[in-house]
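Biologist: I have a chain open and a few things to ask about it. Can we go through them one at a time?
Modeller: Go ahead.

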Amino acid sequence: MSNRHSLKIGLISKAREAMLSAVQAFNNPLATFKTETFIVLSNIAWTYLIHSYFKQKKIDYRYINERNLGGKRKYLRNKDGSFRYWDLAECLGHAVCPVDEATKQNIIFLIGLRNQIEHQKPAGLDSYMSARYQACALNFNYYIKKLHGEKFGLDEHMALSLQFAELDYSQADIVKNKEKFIPTNIKSYVAEFDSKLTNDQLSDERFAYRLLFTKVLTNRSGQADRVIEFIDPDSELAKTISKEFWVKKETEKEKFRVKDLLKKVHEAGFTNFGVYQHTQLWQKEKAKDPNKGFGTFVTEHWYWYQKWIDYIIASLKANADGKK
């Protein structure tokens, strides 16, 4: 076995262990530091995984000392004299990085989220961003198998974690109440990050992996013994569930500034509806009352939801029909 091959295998082993530790820590019911622990360990896992790929492709992933080269390549070193290797952000930015764009955005998002929560532990964050943590773990498993073979996959270790909350209808309100305490800076970070992505990127399962759970009742033994049952997405049952569930689906709602709101109203045919008319309407309807769900504050600025735009257009149409 060559030294290069043994180093690659060592990096793969570290990557696998780091991701398994990240998932184990997040699934620990006694842990109270889930999100940051998961992000730190998963970042380490991804760094080792991409380093192992660079090692395989004979790509030098050491930081170069740009000063006093004198015709000879010199490298930056740590205090103990060891080489400084590329961090995860540097790896993701390299031209030959093997990771797709949606997966990159997922990782970059988590790096930024880690910086936002460095000195605080907001209640509810573990469930608030769980779709993106889940995507991170699944993406890692996909790429370690794609880059190095099925034998390195984590499938057999990634069993379903039993839950005391979220999968129980009676506990749903507890989770939502905790999420009300997500700090403004984190909500602002999420809104700003997501605003730079396309709708396709936001809905990509490699960026955020979402599942729909529904309780299954049966009166025959031997059925519905699994907590989760997967169905064919093209089946009639899946189509029915999608139609019935769309109004209840919890997602990060798109936010609009007034100028964007007015643009949509104008596109609907009401070109005379301006800032003054809008101000009169929202004040009359008390639309900035958070309980009405028409919008939200993000870093002390009010943003409107699509629900309010639909309300405006419906009101204007009703008024126009009444004048006919």
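Biologist: Is E150 buried or exposed?
Modeller: E150 is exposed, at a relative accessible area of 60%. Bear in mind that this is a predicted model.

Biologist: Which residue forms a salt bridge with E150?
Modeller: K145 does, with the closest N and O atoms 3.8 Å apart. K145 has a relative accessible area of 18%, which is under the 20% cut-off, so K145 counts as buried.

Biologist: How many salt bridges does the structure hold?
Modeller: Eight. One of them joins the side chains of E36 and R114, at 2.8 Å from N to O.

Biologist: Where do E36 and R114 lie?
Modeller: E36 is in helix α2 (residues 34-56) and R114 in helix α4 (residues 101-116), so the pair ties together parts 78 residues apart in sequence. E36 is buried at 7% relative accessibility, while R114 is partly exposed at 21%.

Biologist: New topic. Where is H148?
Modeller: H148 is in helix α6, which covers residues 130-148. H148 is buried, with a relative accessible area of 10%.

Biologist: What does the H148 side chain make a polar contact with?
Modeller: The side chain of S52, at 2.9 Å. Beyond neighbours within four places in sequence, the contacts of H148 include K8, I12, L49 and Y53.

Biologist: And the whole chain, how many helices and strands?
Modeller: There are 13 helices and two strands. Buried residues make up 35% of the 324 residues. The chain exposes about 21000 Å², and carbon and sulfur atoms supply 50% of that area.

Definitions and conventions. Residues are numbered from 1 along each chain as its sequence is written. This is a predicted model: local features need pLDDT of at least 70, side-chain atom pairs count only at pLDDT 80 or more; totals for chains, interfaces and linings use all residues. Side-chain values use heavy atoms; hydrogens and water are left out. Helices (H or I, at least four residues) and strands (E, at least two) are DSSP runs, numbered from the N terminus. Buried means under 20% relative accessible area, exposed over 50%, partly exposed in between (1.4 Å probe, protein chains only). A polar contact is a pair of N or O atoms within 3.5 Å; within protein, one must be able to donate a hydrogen and the other to accept it, and residues adjacent in sequence count only if both atoms are side-chain atoms. Contact means heavy atoms within 4.5 Å. Accessible areas come from the Shrake-Rupley method with a 1.4 Å probe; for residues, only the protein chains shown count as cover. A salt bridge is a side-chain nitrogen of Lys or Arg within 4 Å of a carboxyl oxygen of Asp or Glu.
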